[in-house]
Amino acid sequence: MPHDHSDHAHPHSLLPSDPALRVKALETILTQKGLIDPAALDEIIDTYENQIGPHNGAHVVARAWTDPDFKAALLADADAVVSEMGYYGRQGEHMVVVENTAQVHNMVVCTLCSCYPWPLLGIPPGWYKSDAYRARAVREPRKVLADFGVTLPEDTAVRVWDSTAEVRYLVLPMRPEGAEGLDEAGLMDLVSRDAMIGCALAGTP
Amino acid sequence: MSRVHDMGGRFGDGAVVPEPEGEIFHADWHPRALAVTVACGTLGLWNIDVSRHARESLAPMDYARFSYYEKWMAALADLLVERGALSADELAQGKALGDSPLAAKRLKRDAVAAMLAKGGPADRPSTVPARFVPGDTVQIRALAENVTVPGGHTRLPGYAAGAKGTIVRMHGSHVLPDSNAHRLGEAPEPLYAVAVRAVDIWAHPEHPQDEVILDLWDSYLAPA
């Protein structure tokens with residue numbers, strides 16, 4: 001029977017205990033060893049700090065709100081649609097978009113780690129990765145929503161999607177009343193990151 | 001019994017604290033930790049399931065006290081030594097003690113965009129037939145454990161183990177983490193979204209209509 005070796009050795013304890021020094025030490029050794037290029041690290045950080053973020057997801061949502069054919073295609077095969085918009089990539093290889101309605105409110109969590117649709121929302125916020133969210137979202141989603149100031153109608157069911165595989169979920173929030181006159185850019189401003197995780201509603205114009 | 005990371009449904013964690021959308025990192029070293037981890041992944045020494053298992057295999061006390069990116073750094077250091085990319089002496093001394101044949105695989109700056117855009121899809125052709133279709137009722141395995149490797153990786157959370165569920169969506173065939181995390185092959189098999197009713201898994205469900213949906217592999221399921 002194969003054996004799991006990982007319980008026996010934890011070399012990480014040889015590094016400095018202060019996390020900032022720990023990262024610095026690891027980066028230094030790896031750079032000296034030729035295993036990482038600090039310029040490549042800068043490029044990765046710039047990508048997620050300045051290029052990829054919730055505006056990508058908001059773009060998808062705003063278009064779905066204004067174009068019924070686009071929305072139907074998005075709900076049927078999100079991979080094809082987001083790829084065409086240039087939003088395919090790491091941690092978003094298998095996308096599914098789930099639609100909020102008056103009957104069903106969707107929320108997304110990863111109870112086992114922190115799986116999250118990076119190409120559409122960027123790096124997950126701290127609360128998404130927190131023990132409290134991972135522990136509570138599946139058992140008491142309505143109390144978690146209350147932490148965000150959201151109260152659902154009593155007859156709305158909650159569906160919590162636990163991202164246990166490599167499929168990544170994006171919530172399509174309900175389009176708010178009174179947004180009829182807004183163009184795509186105006187609608188994007190109503191779509192927050194938290195709404196696309198299912199922990200907020202779309203903003204009102 | 002699973003490991004410390006399997007915390008879905010746990011009591012006692014307190015409030016979820018929202019934060020502004022512009023806040024991505026909370027310390028200067030957080031983005032470096034993220035980037036070092038992503039860059040080391042391209043050396044080809046492990047797959048995503050191996051790296052998840054390395055984080056889950058931190059001692060429970062460390063897992064609980066480490067912040068998010070501290071877990072990443074600890075697991076990364078453990079993997080680099082386990083795979084021979086760095087030595088324990090190098091970690092202890094804080095400097096390289098010799099060259100590495102892996103240096104040729106180093107991620108270059110001009111390769112970053114293509115690497116991130118390419119991603120790492122997990123769908124594969126499989127010879128395992130899909131036993132279920134949407135609408136089928138299934139019985140989820142009662143043991144939230146890796147059934148091949150003691151203490152091994154699995155993606156079946158404890159809170160759903162043993163419950164009845166309904167297939168709501170098919171995802172095609174995907175790499176099986178329980179095998180891939182232990183370098184036993186990708187062993188792809190059908191993957192389904194399975195809905196479990198809150199009333200079937202919690203003693204005090206918030207609402208009779210609520211559901212949790214999990215992505216579960218064919219071998220986690222049996223006909224109900």
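Visitor: How many residues of chain B are in contact with chain A?
Guide: In this predicted model, 91 residues of chain B are in contact with 78 residues of chain A. Two residues are in contact if their C-beta atoms, placed from the backbone, lie within 7 Å.

Visitor: Which element gives the most to the side of chain B that touches chain A?
Guide: That is α1(B), with nine residues. Helices (H or I, at least four residues) and strands (E, at least two) are DSSP runs, numbered from the N terminus.

Visitor: New topic: what is the order of the strands in the open sheet?
Guide: The seven strands follow the order β2(A)-β3(A)-β4(B)-β3(B)-β2(B)-β1(B)-β5(B), with mixed pairing. Two strands pair if DSSP finds at least two bridges between them.

Visitor: And which are the edge strands?
Guide: They are β2 (104-109) of chain A and β5 (221-223) of chain B, each of which pairs on one side only.

Visitor: How many bridges join β3 of chain A to β4(B)?
Guide: Four bridges join these parallel strands, and Trp161(A) stands opposite Ile213(B) there.

Visitor: What about β2(A) and β3(A), how many bridges?
Guide: Six bridges join them, and they too run parallel. Met107(A) stands opposite Val160(A) in β3(A).

Visitor: How are the residues numbered?
Guide: Residues are numbered from 1 along each chain as its sequence is written, while chains are lettered from A and ligands numbered from 1 in the order in which they are written. As for the predicted model, local features need pLDDT of at least 70, side-chain atom pairs count only at pLDDT 80 or more, and totals for chains, interfaces and linings use all residues.
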